[in-house]
Each structure stands twice: as C-alpha cells, then as structure tokens.
Amino acid sequence: MTLETTTEPERLYLFDTTLRDGAQTTGVDFSLDDKRKIAALLDDLGLDYVEGGYPGANPTDTALFAEKRELNARFTAFGMTKRAGRSAANDPGVAALLEAKADAICFVAKAWDYHVHVALGATLEENLDSIRDSVSTAKARGFEVLLDCEHFFDGFKANPDYALTCAKAAYEAGARWVVLCDTNGGTLPEEVEAIVRQVTAVVPGAHLGIHAHNDTEQAVANSLAAVRAGARQIQGTLNGLGERCGNANLTSLIPTLLLKPGYADRFRIGVSADKLTHLTKASRKLDELLNRSPNRHAPYVGASAFATKAGIHASAVLKEPETYEHVPPETVGNRRHVLVSEQAGKSNVLAELERVGLTVAKDDPRVIRILDEVKERESLGYAYEGADASFFLLAKRVMGEVPAFFAVERFKVSVERRYNAMGDLVTFSEATVKVKVGDEELISVAEGNGPVNALDAALRKDLGRYQRFIDDLELVDFRVRILNGGTGAVTRVLIESKDGQGDTWTTVGVSANVVDASFQALTDSITYKLVKDGAGV
C-alpha cells in the first residue's frame, strides 16, 4: 500500500508600492494623512510589505518615516544605493534611509550597463561596489534589505553577464530579495519567464522578486510568468497605479493567486479568503481618497466586472451563474449586475427588480410595461445600466408606488462673469427654485461655483417637512456625456449621491440642455433618498 504525499504550498510574498511608485501616477499627490490611511488599508488586506516612500527626498516621506508605523506588514523605505566615490556610511541619501523608522530598506540600482555609463556616469565596477556596500551596511544596521535591479530585463538583453553580476552582488552582500524590474514595461511574458529562469541559477528563486510596469498591458502576465519561472515575490500597486501606464495591478493579481487552481494549489499568500472579500471595498476606498472615479471595467472589482447586459446572457446567468462568471463575485466583495437596457429582455428586468428590492411575478403585465418604458427612454438617450436609482424610480412609477413628495414649479439659473473687488476675473452662478410640498410653496435661492452646483444647493436648501431626510445627502460624482455632435447636442448626465449611512446611488437625466439634464438627475436623487428612507410613510 502506498501513501500519497501532499506538498505544502510555497509561500509567495506580495510587496505593495502604491505609496511610492503609485505616487508617480499623473494627477496623484498623496498627503501625509493619505499615506497613513492607505498604509493601514493595505496592511488590513494582509500584504507582506508596504513601501511607504523615499525618506529624505521630500518632506512628506521624511515625516512618514520619522515615526514607527504599527503594521503587520514590513514597512519599507526606498532609496538609491550610495553614490560612486564615497562609502555608504558617508552618503547622505543612504543615511536618510538608515535613520528611517522602517522594517526594511529597498535600494534601487542600475542593472543595465548602458545606464551605468550614461545615467550614473560611473564605471561598471563602481556600480557593483555601490550595490555591495549599500546592502551590507543596511543589513549590518538590522534592516531587511531588498535591491531593485532597475532596467534588469533590458540590461539582460544587452549584457546578460553584467545584469546577472549585479543581481548576484546584491544577494551575496546579504539582500533578502533581489527584485528584477521591467522598468520600461516593454518585456513580454515569454521573455520574462525565460530570463527569470536563467537568473535562478545565480540567485535562488526564494530570494527573487518581480517588479513589472504595464506599458504593453503585460504587467500582471509578466508577474505570473516570473512566478512560474521561480520568483517568489511580486511587487505591484493597488488599482495598478504607477508612472506612465502603471504597475502590475495587485487588485487583479491577489484574486488570481487565491482563486485560480494553477496558483492557489501551489502557493500560499498573506491575504486570506476572508480578507479577499474586502478587496472591492479597498479598491474603491483608494479611489475615493484620491478623488478618482473607479474604473468600472476593472477585473474582479469593477462595477461592470460581473455585469450582464444582453437578454440571452442574463437568462443564462440567472439560471447558472457559472455560464458567464469565472469566479463568484462575492469572493472579491463585488456583486452581480444584470443590466436593463434597450438590449434587455424580461430576465434582465426581473433580475434587476429583485436586486433593487422589488418583487414582481414573472407573468405580471407590469414587467412588460417597465421593459417597454426602459427601451423607449433609452432610445431618447437615457442609460439605466449605470443608473440604478433612476431605474428603481422608473419601475416604482410604473407600479404607481412613488408618492408625490414635491413638485418643482420652476427654476432659474444665472451665470455672470465679472471682475471682483480684487481685480480677478471670476464666474458667479445663482439659482432660484420654486417647489410645492403639499399645499406649501417654497422658494429657495443659492449660489454656487457653477450652474449645477447652484441648482443643487437651492433645491436641497428647503424641502419643508422632508428637509430632515436630505440633510445628509451629498453629491459625490457628476459625469456628462454628449450623445451627438454640435453645441445643441443631446446630453446625458449621471449623478452619484451618497448619504450619512454610507449608501450610494446613481441617477440619470437627458436633455438638449445640460442644466435641465442635471436637474432631472438631481430631483431623481432626492426622490430616491425620500423613498429609500420611507419619507412618505
């Protein structure tokens, strides 16, 4: 009788560089408070390393590393190896790293001979000396040491012996991790896999990492290729932030490593199945902190990642989700969307009605009336697949279940451009809204930094007996889409709102007048809030 032996999954380590490499994203500028919050967010997911930034390079990062971070992850400082012609002990940049309140130091060094000569103006041996001295000095001070071999893959193609010598020098000097960087992002997966396999002859795979950029949309694939070849650390960023086209997206890599058998059976990572259910929330929280709209089409965590639009697909996914879903959406904290649109059938409408909390029998004639209404309005430019609250109200109105909370009798908006008392040219908006709440007529006037902002403020300024229900209402996103050309084009406006309970919803308005379209979406948002909170009961 033979006994089967089970192989323990290998440990694979995840290194997050959102706060350092991700900070190079166009339009991203982390404050000190942002960095603290995001570090805690990343740590809560279960990442092994959180790279905080470059102490000594800017006041924010210097302040971040001036105090000890209480994290489970290894909090890592980043910086350059010592300059040629001086020792690590006498290099100001290295000194700032050694003084940082960090668990680990990640040095960056050139691994392409061309860069050593052109960018550093140093000899090849001087570059190797910088690697050895910096790594050994930091290790002697008690830090875990990593070395990012910058431009490693391009350097390997140009001069494989020297690139390998750089990696070997770091490992022999005591680096825990030697990280191979595809800095220009132009290497393809088959190249990465072949090159990493050759590097494992010089540096054991248990000490090798991969740092991939996304310039050919291959960063995730390149990271997985490196793992197949033996690397056991992956560096990346949440939501794929990074310079130019971004870095390897940990938001895609983490669920792939946990949910796909080819990796889940072979490797163990620090993110648990329970923490994986927080991934969508973490992804959107990062975007919220950066004041960015989430990528609706992002794998795993995007709002459209598990969305089904065509009627035949919707019918199938409702019977058996696996027909159009590669993983259950709840495993990553996302949810299924069966969209209603001009391509929809009864299955879409029924599924969406159920999702928004409306139970209607399959043979209820109102289902067809709702479907017909959706298709008619979408022919005019409305889009309900991204406006769940407006769809909810449309269905409730067809069913005769939306109270007449208020009626807008008229509104007026003025925009004035003038010089202020300081001599600066400014644009000034003022809105007047007249509403009727029951038998009471209310007129409100408000100013804003634009016509929509002024309208929003005026409309929500006084709703009489319903005012208490909307005091915590806040507009968080405003998107405009021109549906056909010209200055008289039909315009679609989508408004995302949230309240004090943390609920968010989206409403839509369509008109040839952008202000009118915005007002439609605003009134729908308020009406939805009143229905949601039972204001008419």
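Predicted model: local features only at pLDDT ≥ 70, side-chain atom pairs only at ≥ 80, totals over all residues.
User: What makes up the chain, in terms of helices, strands and buried residues?

Analyst: The secondary structure comes to 20 helices and 18 strands, and of the 537 residues of the chain 51% count as buried. The C-alpha atoms fill a box of roughly 85 × 85 × 45 Å along the principal axes, and residues 24 or more positions apart account for 66% of the contacts with a separation of 6 or more.

User: Why are helix 8 and helix 9 called roughly parallel?

Analyst: Helix 8 (residues 189-199) and helix 9 (residues 219-229) pack at an angle of about 30 degrees, their axes being 8 Å apart. Angles under 35 degrees count as roughly parallel, and helix 8 and helix 9 are therefore given that description. Helix 8 passes helix 9 in a right-handed crossing.

User: Which residues of helix 8 and helix 9 meet?

Analyst: From helix 8 come Pro 189, Val 192, Glu 193, Val 196 and Arg 197, which meet Ala 221, Asn 222, Ala 225, Ala 226, Arg 228 and Ala 229 of helix 9. Sorted by class, this contact of helix 8 with helix 9 has seven nonpolar, one polar and three charged residues.

User: Which residues have the most contacts inside the largest nonpolar core?

Analyst: That core has 89 residues, and those with the most contacts inside it are Phe 152, Val 178, Val 196 and Ile 254. Its largest share, seven residues, comes from helix 7 (residues 160-172). Another core, of 54 residues, lies apart from it and includes Leu 353, Leu 358, Ala 389 and Phe 469. As a general matter, nonpolar side chains tend to be buried together in soluble globular proteins.

User: What does Val 196 touch, leaving out residues up to four places away in sequence?

Analyst: Val 196 touches Phe 153, Leu 180, Leu 208, Ala 226, Ala 229 and Ala 231; of these, Ala 226 and Ala 229 are also among the residues of helix 9 that meet helix 8.

User: How do you know whether Leu 208 is buried or exposed?

Analyst: Leu 208, which lies in strand 8, has a relative accessibility of 0%. Buried means under 20%, so Leu 208 counts as buried. Leaving aside neighbours within four places in sequence, Leu 208 is in contact with Trp 177, Val 178, Leu 180, Val 196, Val 199, Thr 200, Val 203, Ala 231, Arg 232 and Gln 233. The C-alpha atoms of Leu 208 and Arg 465, which are 257 residues apart along the chain, are separated by 65 Å.

User: Why is helix 10 described as largely enclosed by the rest of the structure?

Analyst: Eight of the ten residues of helix 10 (residues 250-259) are buried, so the helix is largely enclosed by the rest of the structure. The buried residues are Leu 250, Thr 251, Ser 252, Leu 253, Ile 254, Pro 255, Thr 256 and Leu 257. What covers them includes strand 2 (13-16), helix 9, strand 9 (233-236), helix 11 (261-264), helix 12 (273-276) and helix 13.

User: Does Glu 217 count as buried or exposed, and what is its phi?

Analyst: Glu 217 has a relative accessibility of 64%, and because exposed means over 50%, Glu 217 counts as exposed. Glu 217 is found in the loop between strand 8 (208-212) and helix 9, and has a positive phi of about 60 degrees although it is not a glycine.

User: Does Tyr 300 count as buried or exposed?

Analyst: Tyr 300 has a relative accessibility of 7%, and since the limit for buried is under 20%, Tyr 300 counts as buried. Tyr 300 lies in the loop between helix 13 (279-289) and strand 11 (307-308), and its phi is near 65 degrees, a positive value in a residue other than glycine.

User: Why is Lys 434 counted as buried?

Analyst: Lys 434, in strand 14 (residues 425-437), has a relative accessibility of 19%; buried means under 20%, so Lys 434 counts as buried. Not counting residues up to four places away in sequence, Lys 434 touches Ala 407, Val 408, Glu 409, Arg 410, Glu 441, Leu 442 and Ile 443.

User: What makes Thr 527 a buried residue?

Analyst: Thr 527 has a relative accessible area of 8%, and with the limit for buried at under 20%, Thr 527 is therefore buried. Thr 527 lies in helix 20 (residues 514-532) and, its neighbours within four places in sequence left aside, is in contact with Leu 393, Arg 397, Val 402, Phe 405 and Phe 406.

Conventions: Residues numbered from 1 in each chain as written. Heavy atoms only, no water. Axes fitted to C-alpha atoms, helices over the stretch in contact; angles between N-to-C directions. Helix = DSSP H or I, 4+ residues; strand = E, 2+ residues; numbered from the N terminus. Parallel < 35°, antiparallel > 145°, perpendicular 65-115°, else oblique. Left-handed = near helix turned anticlockwise from the far one by under 90°. Contact = heavy atoms within 4.5 Å. Nonpolar A, V, L, I, M, F, W, Y, C, P; charged D, E, K, R; others polar. Core = buried A, V, L, I, M, F, W, Y, C linked by side-chain atoms within 4.5 Å. Buried < 20%, exposed > 50% of the residue type's maximum accessible area, 1.4 Å probe, protein only.
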